[in-house]
Amino acid sequence: MSSPDIYELGTAPVTAHCFHKNKLIVCQNTNDASIYEYGHSNYKLEATLKGHDKIITSIDFAPKTNRIVTCSQDRNAYVWTNEGGVWKPGLVLLRINRAATFVRWSPNEEKFAVASGARCIAICYFEEDNDWWASKHLKKPIRSTVLSIDWHPNNVLLAAGSADMKARVFSSFIKGLDKKPTPTLWGDKLPFNTLCGEFSSGRGGWVHSVAFSPSGNVLAFAGHDSTVNIVYPGEGGNHTVINLVSNHLSFRSLLWTNESQIVAAGFDCVPVLFETKNNRDWHFSGSLDIGRKKISQTSSVLNRFKTMDSRGELENDVILNTVHQNTINEIRLYAGSRENVTHYSTAGVDGKVVIWEFDPSQLVADLSNLKV
C-alpha cells in the first residue's frame with residue numbers, strides 16, 4: 001500500500017470537500033468554497049465560490065453535468081455552473097428556517113437532496129419555466145436535525161441519519177421527473193415521502209453517517225455511541241439489523257469500498273476497516289493508517305527530571321502517530337467505481353485533505369504489521 005498524498009491547506013478545519021478530475025473543491029470553515037487545481041501533493045487556487053453568508057456545511061460535484069452544489073448554515077443552497085470560465089450561482093428555493101447541514105446529488109444528477117436542522121429534507125429539482133431549483137420536503141417522522149443522507153442507486157430511495165437517534169429510508173419519487181422504479185427489497189410502492197424503514201442501534205446516540213452498499217441492498221449507519229450498524233432489508237418490513245460495537249471513538253463518516261468492506265473514520269483520526277466474508281458475519285479488521293515512526297531523542301536524566309517537574313509530563317510530544325492530527329470529518333470516493341473503490345479521500349479538522357490507496361490484496365499484509 002503506497003503512502004497517502006497529503007494536502008495541507010492550512011490550520012482551519014476542512015468542513016467539506018470533493019474531487020473531480022484535477023480539481024479539489026473544499027471549504028475551510030468559512031463562507032466560501034475554494035477550487036484548487038492539484039497535482040501530486042501540490043495545488044494552486046483556481047477560483048473561489050462566494051455567495052453564502054455563513055459557513056458552508058457540505059459540497060458535492062456532479063461530474064456528468066459539471067455542476068457544483070453547496071449548502072450552508074445561512075439556510076441556502078446554490079448550484080454553481082461554469083459559464084465562460086466563471087462559476088455562477090443558481091437560485092435554489094429550499095424553504096427551510098434552520099441551517100442546511102448536508103447535500104448530495106442523485107445518481108442521475110437531475111435532482112439533489114439537502115438535509116437541514118428544520119427536521120426535513122429538501123428534494124430539489126430544476127424548473128425550466130422559472131429558471132430556478134424548486135423543492136419538495138420529506139418531513140414525517142423526522143423529529144430532529146438531519147445530519148447525513150445517501151442516495152440509493154435507483155435514484156429514488158434516500159437514506160437519512162438524524163439527531164433523533166434514527167436512520168431512515170425514504171422514497172423521494174417525483175411524478176413527472178423520475179421513472180417508476182423497479183421493486184426492491186425496500187418496497188415496491190414508493191410514492192413521495194414513503195417511509196421504507198426506520199432503524200436504531202438500540203444504544204442511543206445520534207446518527208452521524210448513512211451509506212447504501214453499491215447494490216443498494218444493504219444500509220450502513222454510524223452512531224455517536226461508537227457503533228456501526230448494518231441493515232439487511234426483508235420482505236414485509238422484516239429487516240435485520242446487525243450492531244457492531246467498537247472500542248474506538250465514534251465515527252463521523254462511512255464509505256462502502258465494495259459489497260463486503262466498509263471504511264469508517266471519525267474522532268479517532270484514522271480510517272478503519274469493517275468487513276464480512278459471508279455477508280452476515282461483520283467484524284472490525286483494523287486501522288488503514290499504518291502510522292509514522294516516532295523519532296525518540298535521548299536526553300540526560302537531569303533534563304528529563306526538569307521536564308517532569310515543570311510540565312508534568314515525561315516527553316513534550318503532542319504529535320499523534322497518525323496522518324491526520326485531529327478528527328476526520330468526511331470520507332469521499334476518489335478513484336474507482338462505487339462497486340470497486342481503489343482510492344478514497346479524507347478531510348479533517350487539522351486542515352488536511354488526504355488521498356489514500358485502498359487495495360484489498362495488500363490489506364491483510366499491511367494490517368498484520370500494525371501494533372496496538
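Is Cys124 buried or exposed?

1. Cysteines. The structure under review is a predicted model. Cys124 counts as buried, because its relative accessibility is 0%. Cys27 is likewise buried, with a relative accessible area of 0%. A disulfide is a covalent bond between the sulfur atoms of two cysteines. Cys124 takes part in no disulfide, since the nearest cysteine sulfur, which belongs to Cys71, is 9.8 Å away.

2. Salt bridges in general. Side chains of opposite charge can pair when their charged atoms come close. Across the whole structure, a search finds 11 salt bridges. Three of these pairs are discussed in the next points.

3. Asp32 and Lys50. A salt bridge joins the side chains of Asp32 and Lys50, with a distance of 3.0 Å from N to O. The pair links distant parts of the chain, 18 residues apart. Asp32 sits in the loop between strand S3 (23–27) and strand S4 (33–38), while Lys50 sits in the loop between strand S5 (43–49) and strand S6 (56–62). Asp32 counts as partly exposed, at 22% relative accessibility. Lys50 is exposed, with a relative accessible area of 56%.

4. Arg332 and Asp60. The side chains of Arg332 and Asp60 also meet in a salt bridge, at 2.6 Å from N to O. Arg332 belongs to strand S26 (residues 328–336) and Asp60 to strand S6, and the two are 272 residues apart. Arg332 is buried because its relative accessible area, 12%, falls under 20%. Asp60 counts as buried too, at 7% relative accessibility.

5. Glu330 and Arg104. In this salt bridge the N to O distance is 3.0 Å. Glu330 lies in strand S26 and Arg104 in strand S10, so the pair ties together parts of the chain that are 226 residues apart in sequence. Glu330 counts as buried, at 5% relative accessibility, and Arg104 is buried with a relative accessible area of 12%. How are the residues of this point and the previous one connected? Asp60, Arg104, Glu330 and Arg332 are linked in a network of salt bridges.

6. A patch of charge on the surface. Lys54, Arg75, Arg98 and Arg119 gather in a patch of positive charge on the surface. One of them, Arg98, is found in the loop between strand S9 (86–91) and strand S10 (100–105).

7. Backbone geometry. Most residues other than glycine have a negative phi, and most peptide bonds are trans. Which places in the model deserve a check on this account? The peptide bond from Lys140 to Pro141 is cis, with omega near 0°. Pro141 is placed in the loop between strand S13 (132–138) and strand S14 (146–151). Cys269 is not a glycine, yet it has a positive phi of about 75°. Cys269 is in the loop between strand S23 (261–266) and strand S24 (272–276), and it counts as buried at 7% relative accessibility. Asn279, which is not a glycine either, has a positive phi of about 70°. Asn279 is found in the loop between S24 and strand S25 (282–287), and it is partly exposed, with a relative accessible area of 42%.

How values were computed. Residues numbered from 1 in each chain as written. Predicted model: local features only at pLDDT ≥ 70, side-chain atom pairs only at ≥ 80, totals over all residues. Heavy atoms only, no water. Patch = residues over 30% accessible without salt bridge, like charges linked within 9 Å, V, L, I, M, F, W, Y side chains within 5 Å. Areas by Shrake-Rupley, 256 points an atom, 1.4 Å probe, with all protein chains shown as cover. Salt bridge = Lys/Arg side-chain N within 4 Å of Asp/Glu carboxyl O. Lys, Arg positive; Asp, Glu negative; His and termini not counted. Charge placed at Lys NZ, Arg CZ, Asp CG, Glu CD. Helix = DSSP H or I, 4+ residues; strand = E, 2+ residues; numbered from the N terminus. Buried < 20%, exposed > 50% of the residue type's maximum accessible area, 1.4 Å probe, protein only. Disulfide = S-S within 2.5 Å.
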